[in-house]
Amino acid sequence: MTLLRTMGLTARYGDFQALFGVDMALETGQTVAIIGANGAGKTTLMRSIAGVLRNAGDQVMFDGRAIGALPADEIMGLGIAMVPEGRKLFPSLSVEENLLIGAYGRRAVGHWRLETVYALFPILRERRMSPGTALSGGQQQMVAIGRALMSNPRVLLCDEISLGLAPVVIRDIYAAFPQIKAAGASVVLVEQDIGQAMKVADRVYCMMEGRVTLSGAPGDLSREAIHDAYFGKAA
Amino acid sequence: MNWIDTIAQGVLLGGLYALFAAGLSLVFGIMRLVNLAHGDLIVMGAYLILLVVSVTGINPFLAAAVAMPVMFGLGWALQRVVLNRVLGADILPPLLVTFGLSIVVQNVLLEGFTADSQRIGAGPLETASVDLGVVTLGVMPLLTFGSAVAVIMALNWVFYRTPLGRAFRATSDDPVTASLMGIKPQGIFAVATGLAMVVVTIAALYLGMRANFDPTIGPARLIYAFEAVIIGGLGSLWGTLAGGVIIGVAQTVGAAINPEWQILAGHVAFLVVLLLRPRGLFPRAFD
């Protein structure tokens with residue numbers, strides 16, 4: 001069944017329109033990857049789903065409920081957690097406090113709590129008393145993912161989690177995804193690394209200039225089609 | 001040893017200034033809001049305690065405990081109804097609104113309680129003292145200072161040991177990301193202002209028991225509070241206590257040299273600290 005769906009989603013920053021009617025669907029238990037160049041509207045789409053940007057109510061449906069107009073804290077309470085672009089750890093909080101605050105607005109019973117997050121990313125246990133911002137980029141990303149997991153979300157939104165990280169670190173982080181999915185989260189990934197996106201996703205949406213230009217299962221999409229959807233057709 | 005006595009009295013006076021300042025420091029630390037009505041709210045708290053005492057005849061400390069939840073509610077509502085609407089990237093609107101609020105509070109108090117100066121009677125406690133050999137200290141100043149230390153310890157505990165404190169710090173760092181954690185920044189701000197008003201009530205109790213007050217003395221309390229916060233470093237609660245003590249000691253030392261210099265000496269100490277440490281004594285590592 002469809003857990004999360006956007007229908008004709010539009011979003012604007014003041015006079016600038018960033019999304020022009022985006023349709024996207026996430027099935028329960030699946031992973032959707034959103035790819036596209038810088039400025040294609042991927043992050044705007046994520047911020048609209050998470051409620052940082054408010055939309056018309058029925059443009060975003062979650063579990064049969066119109067959530068487009070809800071504020072971020074209420075959407076989080078319903079079970080949609082986001083790993084924001086740039087990680088956005090709280091500098092005043094230690095690693096452990098950053099994790100704990102992830103469960104502030106939603107105390108759902110589930111697999112994820114401090115112990116299981118530390119089991120997923122053991123390095124975080126060693127650094128638990130450090131300020132979040134004293135960690136390496138990859139470790140910070142682990143904190144950001146763990147923080148989102150602490151609420152036992154039904155949908156996990158991951159915005160550019162591989163940005164600025166070394167390939168070996170990216171591999172470590174993606175190695176956690178099977179466990180995250182097994183614990184019951186459906187995932188929406190924004191990813192610039194197309195190879196990585198194709199590997200983990202059940203369905204890929206390619207965006208350009210605020211519109212979806214291509215979508216389908218990774219196996220059905222040719223490199224050429226993705227190239228055209230990503231950069232536009234050569235004239 | 002006259003000097004030891006002067007400095008000891010100054011330190012204890014600093015406790016009162018730290019109490020004036022703690023609420024201001026709390027609110028500024030969480031939402032970068034400078035509340036220009038802070039001094040008037042302290043005076044309002046003193047009238048509220050006085051009202052409870054004169055209606056019920058109970059001990060002023062009990063009366064303050066009665067006033068605390070009322071003041072919390074007032075602070076919560078003030079933030080919800082008024083201040084949350086003006087918080088934003090521009091720092092001018094909250095300044096203008098709280099400046100207006102300051103005038104409103106003063107005039108409401110004037111209408112309600114007249115311009116006569118009042119005092120919260122504390123009975124024999126007012127004149128009680130303890131002889132420590134070198135110096136003799138008043139019980140009331142000692143209680144004031146002890147309360148200031150207790151308030152700051154309690155606020156630090158809330159800040160660094162409770163889920164609410166985590167939410168305070170996270171919201172202060174980044175309200176948008178905090179909302180992704182399910183935190184309602186506006187609600188957190190309302191709780192913070194409510195908590196600040198509880199501290200204001202404690203400050204009001206000692207203000208009212210220590211000396212006479214009337215509706216117009218708020219702005220001067222605000223100045224002392226401000227100076228204590230700035231000396232200590234914005235957002236640092238222990239720094240605020242240190243700031244209060246520095247002003248208190250400067251004032252008593254100034255007064256010991258020449259009674260005309262009391263207030264001036266406090267301001268001069270503030271300016272000297274600003275010259276030497278423009279960000280205060282214990283600035284936060286980041287802003």
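What percentage of the 235 residues in chain A is made up of buried residues? The figure is 46%, where a residue counts as buried if 20 or more other C-beta atoms, placed from the backbone, lie within 10 Å of its own.

Before I go on, this is a predicted model, in which local features need pLDDT of at least 70 and side-chain atom pairs count only at pLDDT 80 or more, while totals for chains, interfaces and linings use all residues. Residues are numbered from 1 along each chain as its sequence is written, with chains lettered from A in the order in which they are written.

Chain A holds 10 helices and 10 strands, that is, DSSP runs of H or I with at least four residues and of E with at least two.

Turning to one sheet, four strands of chain A form an open, antiparallel arrangement in the order β2-β1-β4-β5, where pairing requires at least two DSSP bridges. Its edge strands are β2 (16-27) and β5 (65-66) of chain A, and β1 (residues 2-13) of chain A pairs with β2(A) over nine bridges.

Finally, the interface: 17 residues of chain B are in contact with 22 residues of chain A, contact meaning C-beta atoms, placed from the backbone, within 7 Å. On the chain B side, α6(B) gives the most, with seven residues.

Methods. Contact = placed C-beta atoms within 7 Å. Buried ≥ 20, exposed ≤ 12 C-beta atoms within 10 Å, placed from the backbone.
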